[in-house]
Amino acid sequence: MTEQPSRPGLIRWLMTPPQAYLAYFVAVVLIGGVSFYVGSLKPNRHPGLVPATTSSAPVAK
């Protein structure tokens with residue numbers, strides 16, 4: 001049988017149960033915080049730009 005290569009020390013340590021729960025929690029908080037921050041940014045409004053109008057399909061009579 002061939003041996004699988006061992007993982008580096010930090011990854012092996014991080015995959016043990018107490019650290020894995022903490023790492024998952026930290027990842028969820030970071031992703032949630034970043035998405036909240038990005039969602040709260042205001043888009044840049046250009047004064048010369050006209051918003052695109054929507055065209056409606058002709059109504060059949």
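Modeller: Let's start with the overall layout: the protein chain has two helices and zero strands. Keep in mind that this is a predicted model. Of the 61 residues in the protein chain, 2% are buried. The chain exposes about 6600 Å², and 68% of that comes from carbon and sulfur atoms.

Now for the part I'd pick, helix H2, which covers residues 17-40. H2 is 24 residues long and spans 35 Å from its first C-alpha to its last. At 1.5 Å a residue you'd expect 34 Å, so the helix comes out close to that. H2 is also hardly covered, with a buried count of one among its 24 residues.

Look along the helix for Leu30, which sits in H2. Leu30 counts as exposed because its relative accessibility is 54%, and the cut-off for exposed is over 50%.

Then find Ser35, another residue in helix H2. Ser35 has a relative accessibility of 46%, so it counts as partly exposed. A polar atom of the Ser35 side chain lies 3.0 Å from the backbone oxygen of Gly32. That pair falls within the 3.5 Å used for a polar contact.

Notes: Residues numbered from 1 in each chain as written. Predicted model: local features only at pLDDT ≥ 70, side-chain atom pairs only at ≥ 80, totals over all residues. Heavy atoms only, no water. Helix = DSSP H or I, 4+ residues; strand = E, 2+ residues; numbered from the N terminus. Buried < 20%, exposed > 50% of the residue type's maximum accessible area, 1.4 Å probe, protein only. Areas by Shrake-Rupley, 256 points an atom, 1.4 Å probe, with all protein chains shown as cover. Polar contact = N/O pair within 3.5 Å; in protein donor to acceptor, adjacent residues only side chain to side chain.
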